[in-house]
Every structure is written in C-alpha cells, then in structure tokens.
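Here is a short report on charged side-chain pairs and on one case of helix packing. Please keep the structure in view as you read.

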Amino acid sequence: MSVAVKGVTKYYGEQKALDNVTFEVKTGEIVGFLGPNGAGKSTMMKIITGFIPPSSGKILLNGIETGYDQPEIRKKIGYLPENNPLYPEMFVREYLGFVASFYLQGKDKKQAVERIIRITGLAPEQNKKIGALSKGYRQRVGLAQALIHNPEILILDEATSGLDPNQIVEIRALIKEAGKEKTVLLSTHIMQEVEAICNRIIIIDKGVIVADGDKDKIRSKILRQSVIIKVEFDNYPDEKELAAIPGIMSIKNSGNNILLIEAESTTDIRPLIFSFAVKNNLTVLSLSKQESNLEEIFRQLTS
C-alpha cells in the first residue's frame, strides 16, 4: 500500500512545523525520514497515522484520501511512537493480547499473539511484566504491538533510540524483514540506521524537504562540485606549493603526514599529486578518493 503526502502544512499556533511537504512511499520501500531534532519528523508521522490533522494538504493511501482520526485507516497502519508508550504493570503476553483485541477476536487473536511473539523474539520474556524488561525488550514489545495486526504500512519513529549495539542489530533485522512486504517509513536522526536499513532517504529541515532519493543520488548531489582526496606522504610537504596545483580547493592536515585535499570534481588531480611528490623527493605512501558518508551529507543539507 502506497502512502502519498500532498502539500502538507502544519501550524502549532503561529509556529510552522511543516511547510508544504510532498512525497510518496511505495509498497516494499523502506524509507528513512531524516532530520535534526525539531525538523518536523514526529509531526509528519502523527499526521500520516491520523493522530493529528494537518493545517492544510492531504494524505492518500493507495490513492484514496484519508481524514483525521479514522479507525478504519488505523487498522492498515502499524505505529511505533518515539517514546514507545507501554503499560509497565502488564505482562508481555497480556499486553499483546490487549492490543490484538482492537483488531481481532477469538482464534485469530490468539494466533496473532503467538505469531508476533515468535517473530519478534519475545518468547523468553513473554511472562514478565513490561516494567521489568530491558530497554531492548521493551522496544521489541513496541515493535510487536505495531506489527500484531499485520498492517500494510509501518511507521516507526526513532525505533532504535537508546539501544545498545547488539539490540540495534536485532531490531534492524526485524525492520528489514517486515519491509519485504510492507511500506515502511522510518523516522530517525541516526545516519547508521539509514545506511543499514533504508533503500531511500528523505531529509527534512525546518519543516521543508531538502533531499529525496536513494543514497547514491543524494551523494551525487553533494559531490557534483568537489571530491576529497586522502594522501599520505613519507614527509610533510610544502602546503603552499601543493595548494598551487590546479583544481585544489583546500587542504586539511589530518596528522602523521596525512592530508585531506578537497578538489574540483571536474578534474582528477591524483596524477598531479604524484608528479608533485616526485618533484619534491616525496614518497606517496597511500592515496585514495573518499566518498562522502551520509553524516557529512546530512550536515551539509541541514546546516
């Protein structure tokens, strides 16, 4: 099931949280919705799930416009909010049965609980109170309640926030498995999440979409103008003479005779660096062209 956001604007009083936001997520896509704190990510999630209305614009599921607070629409969506609100005094199995009862009854409800406990790895903890669980297992319970009714759309807001490295790997695997047959929108400000899980990213800043595409497309948007060359010499070179090479824009000393050279992307300066080394009796110990990672791209797009 596709999700289309069309010209959505949201005001809180006089503050504009979202400004004419438009994008679409198709079935089978796992899309990372990135932005710094306060960019409008959680507001967008709540509008898509029908928890709050937009000030203007509309949300379409499979081309059909939805409205605010429609129970039949919520049945198609699984939602894990950022703060993962749970009932700490309830047992895991009890809580999942409670959530399942909103959507299913009888045998179907029981089968749904058994299935979700199995696929989310909650069996060892199913008879414990939620309040006694580790942060990782509480996050699994939150993901389980979002998936228990087998929704067509999965909306996850900061799904791995506060987890340790092992827990993060486990939750990522669950999300990737779910994304094989569902539409997944993952809100996060953690670059590693996007690299590990998502096949497309949308970056929002101050309520406005500043980038939308696959990772390579967004990298190319940044790298059109310059590239970074990392070079290590056996001795430190004359920076002024090195900087005189045509195409070099800046030089950063990275220590231990290692330099990060920003150069125009239209010219490959690596042969010129080797010629410079020969002329100055230097040995090039290593030389490589570096690809900007998503964290650097994120900073450039949201600064």
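## The model and its salt bridges

This is a predicted model. Side chains of opposite charge can pair when their charged atoms come close. How many salt bridges does the count come to? The count is eleven.

## A bridge between two helices

Start with R140 and E170. Their side chains meet in a salt bridge, with 2.4 Å from N to O. R140 belongs to helix 5, which covers residues 135-147, and E170 belongs to helix 6, which covers residues 165-178. The pair therefore ties together parts that are 30 residues apart in sequence.

Is R140 buried or exposed? R140 has a relative accessibility of 11%. Buried means under 20%, so R140 counts as buried.

K180 pairs with E177 in another salt bridge. Their closest N and O atoms lie 3.0 Å apart. K180 counts as exposed, with 62% relative accessibility. E177 reaches 48% and counts as partly exposed.

D268 and R270 also form a salt bridge through their side chains, at 2.9 Å from N to O. D268 is partly exposed, with a relative accessible area of 41%. R270 is partly exposed too, at 26%.

Some salt bridges share partners. In this way E29, R200 and D212 are joined into one network.

## How helix 3 meets helix 4

Two packed helices are described by the angle between their axes and the distance between the axes. Helix 3 spans residues 92-100, and helix 4 spans residues 106-119. They pack at an angle of about 130°. Their axes are 9 Å apart. An angle over 145 degrees would count as roughly antiparallel, and 65 to 115 as roughly perpendicular. At about 130° the two helices are therefore oblique to each other. Helix 3 passes helix 4 in a right-handed crossing.

Which residues make the contact? Helix 3 supplies R93, L96, G97 and A100. Helix 4 supplies K109, V113, E114, I116 and I117. By type, the contact residues divide into five nonpolar, one polar and three charged.

## In brief

Helix 3 and helix 4 pack obliquely, and their contact includes five nonpolar residues.

Definitions and conventions: Residues are numbered from 1 along each chain as its sequence is written. This is a predicted model: local features need pLDDT of at least 70, side-chain atom pairs count only at pLDDT 80 or more; totals for chains, interfaces and linings use all residues. Side-chain values use heavy atoms; hydrogens and water are left out. A salt bridge is a side-chain nitrogen of Lys or Arg within 4 Å of a carboxyl oxygen of Asp or Glu. Helices (H or I, at least four residues) and strands (E, at least two) are DSSP runs, numbered from the N terminus. Buried means under 20% relative accessible area, exposed over 50%, partly exposed in between (1.4 Å probe, protein chains only). Axes are lines fitted to C-alpha atoms, for helices over the stretch in contact, and angles run from 0 to 180 degrees between N-to-C directions. Angles under 35 degrees count as roughly parallel, over 145 as roughly antiparallel, 65 to 115 as roughly perpendicular and the rest as oblique. A crossing is left-handed if the near helix is turned anticlockwise from the far one by less than a right angle, and right-handed if clockwise. Contact means heavy atoms within 4.5 Å. Ala, Val, Leu, Ile, Met, Phe, Trp, Tyr, Cys and Pro count as nonpolar, Asp, Glu, Lys and Arg as charged, and the others, Gly among them, as polar.
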